[in-house]
Structures are given as structure tokens and as C-alpha cells.
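Q: Hi! Could you walk me through this one while I have it open?

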Amino acid sequence: MARISLQHVSKSFGGGHGPSAVKDFCLEIEDGELIVFVGPSGCGKSTTLRMIAGLEEATSGAILIGGRNVTHLPPKDRNVAMVFQNYALYPQKTVYDNMAFGLYVRGEDRKEIDRRVKAAAVSLDLEALLDRKPRQLSGGQMQRVALGRALVRDPDVFLLDEPLSNLDAKLRVKMREEIATLHARLGATMIFVTHDQVEAMTLGDRIVIMRDGVIQQAGKPLELYDRPANTFVAGFIGSPEMNLVNGQLVEDGERLAVRSGDLTLRIPENTFATQEKNVTLGIRPEHLVIADGSPLEMSVSLVEQIGAQTYLLGMIAGHKMRAVFERRDEIRSGDKVPIAFPTERLHLFSSAGGATLRKTEGRVAVHAKECA
Amino acid sequence: MVQDRRVVALFIGSILLLGVIIGGPLVYAIMLSFYSAKSFVGELQWVGLANYAKTIQDPLFWQAFANGLMIALAAIFLQVVLGVGIALVLNRRFFGQSVVRAVSILPYFLPTVVACLIAQWILDPNYGLLKSILASFGIGIADWSAQGVTARGTIVLVSVWLWTPFVITCVLAGLQTIPTQLYEAARVDGAGAWRQFWHITVPGLRSVLVVVILLRGIWMFNKFDLIWLLTKGGPLNQTETLPTLAYRKSFLEFNLGGGAAVATLSFLILAGVMLIYLRLFPIDDAKQGR
Ligand SMILES: Nc1ncnc2c1ncn2[C@@H]1O[C@H](COP(=O)(O)OP(=O)(O)OP(=O)(O)O)[C@@H](O)[C@H]1O
Ligand SMILES: [Mg+2]
């Protein structure tokens, strides 16, 4: 097991002259940490992972695993194991041989190979499948074999590239739990790539959110939820998405407020930098509350009953917003619901660039801390 | 329904047509082998298995069989090894790749007659290009067609030149079907180029190679034109194979029954070998193992 240090890692394809897929990526991953990379399609998650594995060469920057500079080493000298999105099991080999191959190639003793493969098979519930070929397995079973292949190697780092994306919803949840259990048991350093934010929130010790090859924010799941560094992160984490409203900072009596059309909301004191005039106000749907007598109303246009919760879509003072409440059977579309905005739940972002205006979280602090 | 019936009719019709075109001559050849005949128009005389008895006792038949086998095995081996090797090189990305790929399959487009003429032109022991080039360095060459080994070797060489491109093309196509992720998985697992070749490339090419070896095997074993054009079976029957023997008996010695018996036996041997081969190496790899 090992620490991983990514220092100003960049990658551009096409002999280093093409558009860059990853830009100035800086991250320190602690020994035994489970890090999740999330972001929309094409944001460079796989490319970063493949650079750590050694399948792509970094255009610039350095990669250290366990203090060793591996930037220019081939994959076999990095002692990493990787689980691919579509598993990449060797189709002509049995489950046993798939798992044994990495050990066999490294010249491991036959008895030792057998012991380790059997042990991995037991822990992943694959004993009955050892003689099968990959095409005779279900998606979930293939996924476990791919994990097993990584497991037997006892690598310094596990790299998992969207390992659950080919599974159905139920199996995903189950495998997610299995990976979490496995991580807890092994205490191994793991990097898990996904574009599913629920997977990211539930699995990650820390989450790294990327966009267009650039880290937007890296932090504990609830940190990202509570203090998103910019509007992109605010929109990406949390479901349904955070409501965002563009407006101006104005004086409202003693206090500062954000005004946008008919909507004027006071903001908490001493929380945000207030030099900029044009700002974006954010509030999560689940933080809106129903408050009888509130001057603000939501005219509901859509009601979605999820079971435990009720999702509303409607207009508040001329702004389209979403709201989430504990189950409310009586609300119908067309209703007017009195809504209040708890002041301490508000987020404020700069309209130019979308960075947070929260004082404790300097705009560049996240990036600077990692790259220092 | 009407359409269904029409489809069935067309289907049966085409089967019958194929049966007549392919089966007819086959049946006629097999039938001939039970008769004694001096020409296709003359009287046929029933002799039972006499043609077969004579053929089996003829050492020339067994020599021809051995020659054919030797030539076929050597040619297939070289064609496959070279074909895979060249395909692997061509599969890498390099400058001028498409041109080189196109040039590499050129020999396959040559008619066998032309190819054999070119080969003789180069190799002719008296007037050949090779001889004059070597002669200018003061090196003399022996007559390749005067010795069994060199004559067979020349046949193998020309066939390798002509048909390796076929193998290259098939293998190149096969290589495209192997997912690159398998190579990446193997690299992460720690496998070097050699292990990747044996554990990923070869298994991935398995179905292609099974078919290529089957086809090349049948074609080489039945090869007539190339051998006839280069050596006519000589020297002293050293390059005689079953097809040339059947031809010689039928059309030069006017022993139609004997020629037909050789051809029929050759057909049976080939069919037997191919059945065993397909049993050992099923084309559909799903049938292999469990
Ligand atoms: N081999 C390549 N050659 C050229 N461009 C590439 C190559 N691989 C990736 N890219 C580009 O790099 C960028 C990042 O790709 P990457 O595969 O890392 O995205 P990702 O975050 O993994 O996306 P996804 O969620 O769809 O898997 C994309 O714009 C992609 O087009
Ligand atoms: Mg990806």
C-alpha cells in the first residue's frame, strides 16, 4: 500500500501538441485512502487513471507512488492493478487463469499462486466458477473476476475505471457495498472513477471533481456538498441540482441582500466576500422549507412522488426552482405553496467564473493547497 | 405464405443446381475409378476395385502422397509464420503504412501462370536473372530443378511468395478484432511483448488461423498448376504429388480409371485429414473445452 502524489500532471494527445485532456493535475492521496474521480464524460478521469497506471505517458509533471517516481516507468514496474470498465478479462482463459496470469507472469511459485487465487475466490464468492470462461459469466460475476484479478496481485494501488457502469441498478448497489467492504478490509489505496455522484458520495473518503481536464474541487463528500467551490460543483453534487439564480448584491436596510427581479433575499453576515456586484445565489432544493405566512410562494407546475420524499418543480417570484420535502400527499400541480429560504443555507458565487464567494474558502485555495 | 413457398423453391432449386454442378463430376470421377477406359469416348469396362488395388501397390502413389504432404506442410508452416510476422509489423502504425500494406498483398493478384513464369525467369539455371546476377560476382549456381530437395524447395518458395499475402490479409483482419484493452490489462499484469503475443495475440487469432490453415492446407495439397508449371513432377517424380499423378495417368498415359482412382483416394485422404483437423480445432471456439 502506498501514498500517491500527482504533481502538476498534464496530458495532451497527438504527440503532446493536441488539446490537453488533463491540465496541471495536483493531488496527494494518502495511504489507504479511497479516492473517487467524478465528472462529466470526457473530463479526463480515465486519462488521469491511465497515467497513474502507466498506460499513458504524462506530457508533463510527475507521478510518485510510495515515494518512488514512476512517471516514466512501464505499467509492470509500478505495482498497480487496474479494473477496466468492460473488465477486459482474457476471453480464452478460465476464471482461475485470468486471476493467476498476473502472478504467473511475475514468476510466482505455483503453490503460492494457487493459494492466493483460491483465497481471492473465496472472498469474492467465485469458487464455483473457477473453471468457467468469461463468456459463461454474468456481468456481476465478470466484475468480481476483474476485481479478483486485481486482488491476487496484492498491488500498491487499485485503479478502478467505472467498474460498475455495466451493471443494473440493484447489482450496482450490491457491488458498491462489496467494494467498500473490500477497501475497509484491505486498507488499500484505491482510486475509483465514476460519473455517478451517488457512487462518489457513498464510496469516497475524498472526491475529486473534474471538468475539462481541470480539478474543480477535491474534498470529503460532505465538504463538497456543504461548501462547493464553484457553481459547477454545486450543480454536480446533490440531486436534484442546486437552484441557481443570477442577481445583484444590494443594500436591504442594514443588511446585504441579493436581488433578482421580484426576489430579494438577505444573505448571512460575514460569510461571503461582497466586493463583487454580480453574483449567483444558490440553494439546494432540499433546503427550501414550507413556511405558512411566508411572503414567497411557489406556484407548482410538477409534482413527483418518490416515496419518502416529494419533489416539486415550479416558479418562485419569477424564477424556476426545484424543491424537495418530506412526503406531502396533498400538494397538487397548480397549487401555491408558501416557501421560505433559510438564510444560513444560501450559497453565493461570483457571476464571473462561478467561484464561491464564501470567505473561508478562498477562490484558489483548493487548488493552491494541493499544488503547494 | 406465397413468398415462403417461393423462397423454399429457390432454395431447393439452388441446392439441386449446386448438386449437379459439384456432385456430378465428382460422382462421374468416382464411377470412372471402377472402370478401365482408354479415353472419355471409348467403351468402359467394369474392373471393380482393380484400379484401387493397383494404385495402392504402386510405390509412386505413396511417393506422390509423401511429396504432397511435405510440400503442403512446409508451405503452410512458412506461409503462416511469415504471414503472422508481417501482419504484426503492418499492424503497427508507421509512415506509409497503407502503401506498404497494399504492396504486400500484390503477389496475391498475380495469376499463377504469370507468377510461375516470373519465377522461372529469375531462377532458370541457364538464363535466369539470379544466375546472371550471381555470375557477375563470380558465383555459380547449381540447377535447382535437377535435385528433389531443391525442386521441392523452389515450389515451396514460390508458393510462399504467392500466398503469404492471403495469410497476411486474414491475420490483419483478425488482429483488428482483438480489443486493445486486453493488451493493456496484460501490461498492467506485468506481461512483456512475448507473453502478450502468446497469451493474447495467438488466442485472439485462433479462429482465423484455424480457417487459414484449413484453406491453405486444402489448396496446397490439391495444388496442380504451380507444380506442373514449375517442374511437371520432375526430376524423376521427386515433386510428383497426387494431383499431378492423377493428371499424368489420365491424360498422358490414357489410364482414365487409374487416374480416377488416384484422384478419389486423394479426395478421401484429404477429407479424412480435414475432419480430424476440425475435430481437434473446431472453428467455433465456443465448442472447445466445456
Ligand atoms: N487516445 C486518445 N487520443 C486522443 N484523444 C483522447 C484519447 N483518449 C482520450 N482522449 C480525449 O481526452 C479527453 C479525456 O478523455 P477521458 O477518456 O479521460 O475522459 P473520461 O473522463 O474518462 O470520460 P468518460 O466518462 O466518458 O469515460 C477527451 O476529450 C477525449 O476525447
Ligand atoms: Mg473514461
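The chat below goes over the ligand site and then some strand pairing.

A: Happy to! Just keep in mind that this is a predicted model.

Q: Good to know. Which residues are around ligand 1?

A: Going along chain A, they are Phe13(A), Ala21(A), Ser41(A), Gly42(A), Cys43(A), Gly44(A), Lys45(A), Ser46(A), Thr47(A), Glu162(A) and His195(A).

Q: And how do the residues of that shell divide into nonpolar, polar and charged?

A: Six are polar, three are nonpolar and two are charged.

Q: Which helix gives the most to the shell?

A: That would be helix α1 of chain A, residues 45-53, which contributes three residues.

Q: What about polar atoms close up, say at Ser41(A)?

A: Ser41(A) has a polar side-chain atom 2.5 Å from an oxygen atom of ligand 1. For Thr47(A), a polar side-chain atom also sits 2.5 Å from a ligand 1 oxygen. Gly42(A) uses its backbone: a polar atom there is 2.8 Å from an oxygen of the ligand.

Q: How much of ligand 1 does the protein bury?

A: The protein buries 57% of the 630 Å² that the ligand exposes when taken alone.

Q: Switching to strands: how do β1 and β4 of chain A pair?

A: They are antiparallel, with five bridges between β1 (residues 4-12) and β4 (residues 60-65). Within that pairing, Gln7(A) is opposite Ala62(A) of β4(A).

Q: Which strand do two bridges join to β4(A)?

A: Strand β5 of chain A, residues 68-69, running antiparallel to β4(A). Ile65(A) faces Arg68(A) of β5(A) there.

Q: What's in the turn of that hairpin?

A: Two residues separate β4(A) and β5(A), and Gly66(A) in the turn has a positive phi of about 60°.

Definitions and conventions: Residues are numbered from 1 along each chain as its sequence is written. Chains are lettered from A and ligands numbered from 1 in the order in which they are written. This is a predicted model: local features need pLDDT of at least 70, side-chain atom pairs count only at pLDDT 80 or more; totals for chains, interfaces and linings use all residues. Side-chain values use heavy atoms; hydrogens and water are left out. A residue is near a molecule or strand if one of its heavy atoms lies within 4 Å of it. A polar contact is a pair of N or O atoms within 3.5 Å; within protein, one must be able to donate a hydrogen and the other to accept it, and residues adjacent in sequence count only if both atoms are side-chain atoms. Accessible areas come from the Shrake-Rupley method with a 1.4 Å probe; for residues, only the protein chains shown count as cover. Helices (H or I, at least four residues) and strands (E, at least two) are DSSP runs, numbered from the N terminus. Ala, Val, Leu, Ile, Met, Phe, Trp, Tyr, Cys and Pro count as nonpolar, Asp, Glu, Lys and Arg as charged, and the others, Gly among them, as polar. Two strands pair if DSSP finds at least two bridges between them.
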